[in-house]
Amino acid sequence: MHDQVFHDYLQLSRLLVNKMNEQLTENEFYHSQWLVLNYLKNYGASTLVDISDYLHVEKSAITRTVNRLEQNQLIMQIPSEDKRQRKMQLTEEGEEKFALGRKTVEAIESQALHGISQEEQKHFFETLSKIKYNLNNGGSSIEKQ
């Protein structure tokens with residue numbers, strides 16, 4: 001049973017990413033870029049390491065995404081005491097694009113959660129949080145069953 005549940009979860013995850021890419025391209029950016037914009041909106045100016053750690057993505061992938069966002073003038077580098085670390089923040093245009101993207105994401109979330117009670121949603125997201133915690137704190141010592 002677990003195999004099918006996780007397979008279904010992976011399919012759901014991919015479906016959500018595809019739906020977001022399909023809808024967000026109307027705002028001229030993609031899911032991966034949305035994740036960075038969302039992080040910067042919620043946590044403020046941050047280094048690439050902060051972003052990659054939070055999103056569990058390789059720093060090289062974040063660097064490519066940040067470079068694209070910077071080229072599109074949605075984020076900018078801000079002066080930092082440590083010149084070795086790039087610290088990024090949203091630009092005014094980035095704030096505007098974030099707001100448009102947020103509306104798109106809210107519409108997708110609403111569609112995805114349609115017909116699911118508040119109690120079911122609460123239980124689902126609590127369970128997801130526990131799974132995330134287990135994976136984050138399990139390190140590389142995942143036991144084979």
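E1 and strand E3 (residues 87–90) pair in the antiparallel sense over 2 bridges; two strands count as paired if DSSP finds at least two bridges between them. Please keep in mind that this is a predicted model, where local features need pLDDT of at least 70, side-chain atom pairs count only at pLDDT 80 or more, and totals for chains, interfaces and linings use all residues. Residues are numbered from 1 along each chain as its sequence is written, and side-chain values use heavy atoms, with hydrogens and water left out.

**Overall layout**

- The protein has 6 helices and 3 strands, which are DSSP runs numbered from the N terminus (helices are H or I with at least four residues, strands are E with at least two).
- Starting at the N terminus, the order of elements is α-α-β-α-α-β-β-α-α.
- Along the principal axes, the C-alpha atoms fill a box of roughly 50 × 40 × 25 Å.
- Contacts (heavy atoms within 4.5 Å) with a separation of 6 or more come 48% from residues 24 or more positions apart.

- The open sheet of 3 strands is ordered E1-E3-E2 with antiparallel pairing.
- Its edge strands are E1 (46–47) and E2 (75–78), each of which pairs on one side only.
- Thr47 has Lys87 of E3 as its bridge partner.
- Helix H2 (residues 31–43) lies across E1, E2 and E3 and runs at about 90 degrees to E3; axes are lines fitted to C-alpha atoms, for helices over the stretch in contact, and angles run from 0 to 180 degrees between N-to-C directions.

**Two loop residues with positive phi**

- Most residues other than glycine have a negative phi.
- His56 has a positive phi, near 55 degrees, and sits in the loop between helix H3 (48–55) and helix H4 (59–71).
- His56 counts as exposed because its relative accessibility is 54%, where exposed means over 50% relative accessible area, buried under 20% and partly exposed in between (1.4 Å probe, protein chains only).
- Gln73, also not a glycine, has a positive phi of about 60 degrees and is found in the loop between H4 and E2.
- With 53% relative accessibility, Gln73 counts as exposed.

**Surface and burial**

- Of the 145 residues, 26% count as buried.
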